[in-house]
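Please open the model in your viewer and keep the selection tool at hand. The stops below follow one another, each with something to select.

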Amino acid sequence: MSSTSAPDNAAPAASRFAVQCEVLRLSAQPTAPTLIVQLLLDCGVALLFAWQYARAPALMWLALVAFTTGMRGFFPQHPPDPLTPENLPGALRAHTLRIAMHEAAHGAAGVLLFNPDEPVEQLLLATVIMAMTLSSAFSVSFYTPAMRLAITLLLLPIIVMGLVFGSPVMRTAALLGVGLMVMVWKLVTDRSRHLEENIRRRHEESALRVQAQTGLRESEQAQAERLRFFSAANHDLRQPVMAIGLQAEVLRQQLDAHTPTHLVQQTVIALSQAQQALEGLTNQLLEIGRIEAAADPLKPGPVALGPMLRELARHSTRVRVRCPASALAWTDAVALRRVLGNLTDNALKFAPQGRVLLAVRRGHTGATWRVEVRDNGIGIAPDMQQRVFGDFEQIGNVERNLQRGHGLGLAIVRRLADRLGFQVTLRSAPGRGSVFGFELEAAPADLVLPESTGAESNAVHVQPLRPGLAVLVVEDNTVVADSIAALLRHWLAEPRVYANASEALALADLDSIDVALCDIRLPGDLDGVALADLLQNQRPDLTIALVSADIEPVTQRMARQRGWHALRKPVQAAELRAVLAAAQAGVHP
C-alpha cells in the first residue's frame, strides 16, 4: 500500500506548495497606488473626526495608520528565494503578522474615535469602519488566514464598543457588524479558493506543456537515435551482403576458368567469412530487439559464478579466472552469461596479444559480489569511455573491418545490465588496458544450486553418417530448400523436399523416413508444429527438428518436452549434422 500511496500523495502536496508560493508572492507585494489611495482616505476620515469631534484621538489614529502603511510601502516583505516546504510556513506567518498589524491599526479607530455620548458619531464611525472592511477584503491580501484575522481585528473593536457602550441604535449596528464579519469571511474564503484554483489550473497547464515538450523532445531524440541505428545497421548489413555477392561471382568465374583448387578454396573461405559476419550481425540485431521487447522473461536465482567463468575461459587459452569458491550471486543465469560472454569477447578482441582476467571479489558492503573483466589491450581514452556502450561504436576500427565485430557487443551488455538492475563501470587508459566491472547481489550461501545441464552432457558423438539416410525437408523457401538438399546429398543422405505440410503428408513415404526437418512458418492450414505433431503420431520413433529464424524459449521448451530438436536459422552445418547423427544413433534431446 505504501508504495502506491506515496506517489499519489506527493503530486497534490507539490501542487499545494506551488499554489501557496504563488499566493504569497501576490500578497506580499502591495501596489503603491492602492496604499496611497487608502492613506488619503484615512487622512480624510481623520480630518473629519478631528474637525467635528476629537482632534487628538483622530491625529493619534492617523499617525498609527500612517506608520503601518509606511512599513508596508517602504519595507515590503521579501519572501525567501527560493521558497521551500521548510521555509514557506514561516514566510506565511510573517505575512499574516504584517497584515494583522496594518488592519489592527485601522480597527483602533473603533476605540480611539468612539464617543459614547454621540449616537450620530457612533453610527458614522461604524459606517466608515464597515466601508474599510469591504475595501480591505479586495485589496489587502489573498491568503485566507491572514484576511480572516485582518477582518476580525478591523471589525471587532467597534463591535465590542458598540455592544458595551453604544446607544440602542449602535447596538443594532454592532450586531449588523457581526453579520458583516461573517459574510466577509465567506467572501474572502471563496475569492481565495477561486484564485487558488486558477493558479493550480495554470500550473497544471504549464506542467502539461512542459511534459508535452519534454515528451516531444524525447520522441524526436528517440527517432533520431532509431534512424541512426538503422542507418548504421543498413551500412554494416550491406558490407557482408556485397562481399558475398562479389565472392560468389569470383567463384563462378573461377569454376568456369578451371582455376586451381587452392585459389577456389581461398574464395570459399572468403565467402564463409562474409556469411559468418552477416550471421553474427543479424543475431546481434535480433538480440537487441528481444532485449528491448523483454521477450525473454528474467528468472532470478542462485548462480555459482566460478563454474560460469571457467566455462567461458575454456574458449580461449588467454583467459584466466580468479573467483572464490563461495561466490554465489542472485541473478538471471542466462542473461548474466550473455553479459560476461560479450565482455570477454570484447576484451579478447582488443587485447589480441594479451591476457584476460575474469575476477570476482566481495563488494564493499559484503552484500554483493564485484565481477570484473580485465585486459591489457589498447585501452580507451576518457572521452570515448561512454561512447563505447553506444550502438555501432568501436575503438580502433575506423575502417569497419567485419572481422573485428560491429560495435554492438557492449550495446547489448548495456541493455542487459539495465534489465538485470546493475550498471557496468569502466576504468581504462590508452595503452594500459581496460577493466569492465559490475556488482551482483549475493545469494545466501546455504542455497542448493540446481544440477548443471551443460551442453557437454547432451552432446552426441558425431560418427560418420551411413549412406542413404532419408531426410524429409518441408521448406517453402526454394533457395533454402535447395541449399539444405545440396548439403544432404554431399553427406550421401537422401533429401525429400516438399513446399508445404499437405504436400508432404500426401506424397511422402513416411514409413521410410529417418529424419524430418519442419520449417515452422509454412503456407496453408498446417504450420510446422502441427505437421510435427501429425508425424509423431504416425511415427513415434521419428527424429523431428523444428526449423525457424525466430525460435523462442517457449518453442524450445515445447520441443524438448516432445523429444524434438529446435534449429534456429541460419542453421549451421554442424548443428544439422548433429541432428542426423542423433537420428542414426537413436538419441533424442
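A charge is said to sit over a ring if NZ of Lys or CZ of Arg is within 6 Å of the ring centre and within 35 degrees of the ring normal. This is a predicted model, in which local features need pLDDT of at least 70 and side-chain atom pairs count only at pLDDT 80 or more, while totals for chains, interfaces and linings use all residues. Residues are numbered from 1 along each chain as its sequence is written, and side-chain values use heavy atoms, with hydrogens and water left out.

Select Trp491 together with Arg577, which lies over the face of the Trp491 ring at 5.4 Å from its centre. Then move to Trp369, where Arg362 lies over the face at 4.0 Å from the ring centre.

Phe438 counts as buried because its relative accessibility is 0%, where buried means under 20%, exposed over 50% and partly exposed in between (1.4 Å probe, protein chains only). Phe422, at 10% relative accessibility, counts as buried.

For the backbone, select His258, which has a positive phi near 55° although it is a residue other than glycine, and which is exposed, with a relative accessible area of 72%. Leu492, also not a glycine, has a positive phi of about 70° and is exposed at 53%.

Finally, select Asp81 and Pro82, joined by a cis peptide bond with omega of about 5°, and then Lys569 and Pro570, whose cis peptide bond has omega of about -5°.
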